[in-house]
Amino acid sequence: MSFAEYSEIIQEGDVVIIFLGHESMMPIKVQSGAQTQTRYGAIRHSSDLIGQRFGSKVTCSKGGWVYVLHPTPELWTVNLPHRTQILYTTDIANITLMLELKPGSVVCESGTGSGSLSHSIIRTIAPTGHLHTVEFHAQRAEKAMQEFKEHKVSHLVTVRNQDVCKDGFGITGIADAVFLDIPSPWEAITHAKSAMKRKGGRLCSFSPCIEQVQRTCEALLDHGFEEICTLEVLLRVHDVRAINLPLPDFGPEEGSADTPNTGNTSVICRTATPPREMAGHTGYLTFATKPRD
C-alpha cells in the first residue's frame, strides 16, 4: 500500500480507510491480531483485512458491514488527524493545476501542517519528483515524517524542521514550484526565489486575510515575479433531484366554450437546485511566475 501507488491486496502495516457511510469514515493501521471497533461490531485485522482485496465488503461481528478502501490523498484529507487548519480538495485541485505540477516536478512547501496538501503533491509528482516541505513546529514535523513513512512515500519527500523565513527551504536552484502557507509569506519570497530553478517556475501563497495578500504581492513585485494574480475558490454544490411542477391554467382559449381545467395537473422533471447554505471563504490563492534568469 502506498499513497502514490495502487496495491490490490491488504497487507500488515498498511493504512486503510474504513467506509461506514458517506459521512462516516475512519483510517486504521492494519496489525496482525488487532481489532477495530465500529458501530457495526468489531473488525478483526487478521481474518477480515489481511489478504483481502482493497474495496472488499467486510462483515463485522454484529452482522453489519463496511467497505475497506485503498487510501488516497482525497480520502486522507477528510480523515486525517488535525494538527492545524488544513486545505481541502477545492483549493488543492486549483493549487496543483496552477502550479503546473506533473510527474518529476520538484516542489517546496511551507508549512507542512497536517500534511493534507503534501499528500496530494506527492501523488502528483510521483514517481520521480520530490517534495521539500518545511515545518516550524518540531512535533508537527516529526509527526509528518512518521506519517510519510507509514504511507510509504518517504522516499518522495524531505521534511525539515526550521523557520523558512530565516533559514529557507534548504535547497537552491532546483525547485519547479513553491507553495507558502505561513502567517507572513512576504518574508519568505527571497528564499522561495532562491530555491527555484534559473529557468523560472511557479509560486503560490495561501492567505486568509487580504492584508496578507497585499504585502505578499508587493514583495513579489519587488523580487521581479510576473503574472501575479489572486483568486478565491468558492464551492457551490447543486442537488440534482426530481421535483413536481404544476402546469399553469391560462383558462379557455378566446372564442372557446371549454371550461377551465381545475384539476391538479403537474409534470415531474429532474433539475439541479442550489443550496440554501454553502461554504464561505477559506483563503486567497496568490499565484506568480518567476522569470528566467
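**View 1. Pro127 in the loop between H4 and S8.** Pro127 is placed in the loop between helix H4 and strand S8 of this predicted model, where helices (H or I, at least four residues) and strands (E, at least two) are DSSP runs numbered from the N terminus. The peptide bond from Ala126 to Pro127 is cis, with omega near 5°. Most peptide bonds are trans. Residues are numbered from 1 along each chain as its sequence is written. Local features need pLDDT of at least 70, side-chain atom pairs count only at pLDDT 80 or more, totals for chains, interfaces and linings use all residues, and side-chain values use heavy atoms, with hydrogens and water left out.

**View 2. The largest pocket.** A pocket is an open set of points on a 1 Å grid over the protein atoms alone, where a 1.4 Å probe fits, with protein on both sides within 12 Å along at least five of seven lines; lining residues have an atom within 4 Å of a point. The largest pocket has a volume of about 620 Å³, a volume being the space filled by probe spheres set on points joined across faces, edges and corners. Of its 30 lining residues, Thr84, Gln85, Gly111, Asp181 and Ile182 lie nearest the centre. Strand S7 (106-110), helix H4 (116-125), strand S8 (130-135) and helix H6 (164-167) each supply at least two residues of this lining.

**View 3. Helix H5 (residues 138-150).** The 13 residues of H5 should span 18 Å at 1.5 Å a residue, and the end C-alpha atoms are 19 Å apart, which agrees; the expected span is 1.5 Å times one less than the number of residues. Ala141, Ala144, Glu147 and Phe148 of H5 are buried, that is, under 20% relative accessible area, whereas exposed means over 50% (1.4 Å probe, protein chains only).

View 4. Glu100, in the loop between helix H3 (89-98) and S7, has a positive phi near 60° and is exposed, with a relative accessible area of 54%. Glu227 lies in strand S12 (residues 226-231); its phi is near 50°.
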